[in-house]
Amino acid sequence: MLTIIKNIKVYDPEYKGIKDVVILDSKIEGIYDEINIPKDFISINIINGEGKLVFPGFIDSHVHILGGGGEGGFKTRTPELNLTELTKAGITTVVGCIGTDGVCRNMRSLIAKAKALEEEGLTTFCYTGSYEIPVKTITESIKGDLMMVDKVIGVGEVALSDHRSSQATFNEFVNTVAQARVGGLLSGKAGIVNVHLGDGARKLDYLFSLIKETEIPPTQLLPTHINRSRKLFTVGEEYAKKGGFIDLTTSSDPRFLEPEELRASEGLANLIKNGVNIEHVTFSSDGNGSMPVFDDNGHLVGLGICSVSTLYGEVKESIKTYNIKIEDALKVITSNVAKVLKLSNKGEIKSGKDADLVIVNEDKLDIDIVIAKGKVMVKNGEPIIKGTFER
């Protein structure tokens with residue numbers, strides 16, 4: 001299968017000008033100034049890129065693909081995520097996680113769901129464990145999961161500074177991160193520890209102490225929900241300036257933000273303004289986790305579901321509202337995430353990389369076409385390939 005995208009503005013995520021992009025099977029064969037196609041070649045799929053931009057496929061590093069929630073009782077459990085919700089959002093690589101409920105949702109089910117999405121066309125990974133420390137693994141240890149289970153690339157989301165956490169001691173937390181680091185080294189994976197941060201008074205204390213008291217580098221951790229409050233955000237900014245990565249959550253209700261909450265787009269603008277290296281910032285959606293729902297008067301009326309569509313939505317908001325350059329805004333859902341998770345074939349439009357691409361209209365930046373591993377999944381903004389139980 002040979003596909004050529006003609007005359008399109010390429011952001012790899014850096015802007016490379018108007019090019020022709022050649023896809024061979026599941027890989028990017030090359031990016032050229034111009035490809036001349038012989039008239040008698042009829043087996044080539046040609047996509048007209050005039051008036052459009054092409055980005056690397058988006059990577060969402062924190063999604064409850066099995067569903068999440070449940071903190072308000074069984075009726076507040078959220079459903080599993082389906083394929084088209086991800087592809088319509090431009091997401092071509094997703095990392096699944098378990099949140100508060102590590103009892104009714106377990107690693108076997110998470111891995112099975114990850115494999116199902118992979119069979120349907122996406123690149124899918126997962127973290128081992130949930131909020132709890134010690135981590136509930138599928139093998140005998142964190143190192144065992146990283147080394148023996150292909151889908152497992154890290155640990156998480158372990159909860160800190162939250163009344164729903166297991167209230168682990170600092171030494172228990174350090175031991176968890178140490179196991180993840182060694183398991184990652186032995187398996188050739190990231191071994192990243194995805195850290196859920198609540199609004200507790202301790203904030204990132206454990207993370208700063210880990211940097212100070214151990215030999216483990218801050219890049220072994222990816223603390224998320226940094227934008228849940230301005231006080232936490234300020235501490236997160238300090239952590240990023242010490243060399244760590246920070247992750248901003250894109251799902252929110254823009255009409256009624258929680259007290260002190262920042263939208264991810266505003267947070268990104270503030271980080272750039274304050275001199276934080278953008279290479280150390282990522283976005284994730286918390287897709288299919290639960291979130292508060294407010295009425296028109298700002299009163300809490302129930303729980304809703306976090307949406308994966310917000311991942312690119314907040315990137316687009318940062319471009320249109322906060323005038324952040326397209327290439328900078330894109331990095332937080334493409335190349336930066338690939339770097340953190342050590343996904344060498346993802347996050348960039350380069351020869352030999354996986355053919356994961358998102359084509360958008362130049363005027364409104366709306367998603368038009370999504371290509372995952374060389375296969376067109378979305379066309380004219382609508383899925384043309386659906387999951388098994390969506391047909």
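**Close-up views of a predicted chain**

**View A. Phe58 and Phe173 touch the most other members of the largest nonpolar core, which has 82 residues.** A nonpolar core is a set of buried Ala, Val, Leu, Ile, Met, Phe, Trp, Tyr and Cys residues joined through side-chain atoms within 4.5 Å. Buried means under 20% relative accessible area, exposed means over 50%, and partly exposed lies in between, with a 1.4 Å probe and protein chains only. Leaving aside neighbours within four places in sequence, the contacts of phenylalanine 58 include Ala89, Ile91, Leu311, Tyr312, Leu330, Ile333, Val358 and Ile367; contact means heavy atoms within 4.5 Å. A second, separate core of 15 residues includes Val95, Cys97, Ala190 and Ala338. In soluble globular proteins, nonpolar side chains tend to be buried together.

The model is predicted, so local features need pLDDT of at least 70 and side-chain atom pairs count only at pLDDT 80 or more, while totals for chains, interfaces and linings use all residues. Residues are numbered from 1 along each chain as its sequence is written, and side-chain values use heavy atoms, with hydrogens and water left out.

View B. Helices (H or I, at least four residues) and strands (E, at least two) are DSSP runs, numbered from the N terminus. A compact globule of 391 residues would have a radius of gyration near 21 Å, and the value of 20 Å for the protein chain agrees with this. This radius is taken over C-alpha atoms, and the globule rule is 2.2 Å times the number of residues to the power 0.38. Along the principal axes, the C-alpha atoms fill a box of roughly 70 × 50 × 45 Å. Of the 391 residues, 58% count as buried. Among contacts with a separation of 6 or more, 71% come from residues 24 or more positions apart.

**View C. Helix H5 (residues 205-213) has Tyr206, Leu207, Phe208 and Leu210 as its buried residues.** The cover over these buried residues includes strand S9 (152-160), helix H4 (170-187), strand S11 (221-224) and helix H6 (230-241).

**View D. Helix H7 (residues 264-273) is largely enclosed by the rest of the structure, because 7 of its 10 residues are buried.** The buried residues are Ala264, Ser265, Glu266, Gly267, Leu268, Ala269 and Leu271. Their cover includes H6, strand S12 (246-249), strand S13 (281-284), H8 and H9. Glycine 275, which follows H7, has a positive phi near 85 degrees.

**View E. Serine 161 lies in the loop between S9 and H4.** With 6% relative accessibility, serine 161 counts as buried. The phi of serine 161 is near 55 degrees, a positive value in a residue other than glycine. Apart from neighbours within four places in sequence, serine 161 is in contact with Gly198, Asp199, Gly200, Arg202 and Lys203. From serine 161 to lysine 379 there are 218 residues in sequence and 43 Å in space, C-alpha to C-alpha.

**View F. Serine 130 occupies the loop between strand S8 (123-128) and helix H3 (142-148).** The relative accessible area of serine 130 is 2%, so this residue is buried. Not counting residues up to four places away in sequence, serine 130 touches Ile98, Gly99, Gly102, Gly156, Glu157 and Val158. The peptide bond joining glycine 156 and glutamate 157 is cis, with omega about -10 degrees. Glutamate 157 belongs to strand S9.

**View G. A cis peptide bond leads from aspartate 12 to proline 13, with omega near 15 degrees.** Proline 13 is placed in the loop between strand S1 (2-11) and strand S2 (15-24).

**View H. Asparagine 323 is found in the loop between helix H8 (310-320) and helix H9 (326-331).** Although asparagine 323 is not a glycine, it has a positive phi of about 55 degrees. Its relative accessible area is 66%, so asparagine 323 is exposed.
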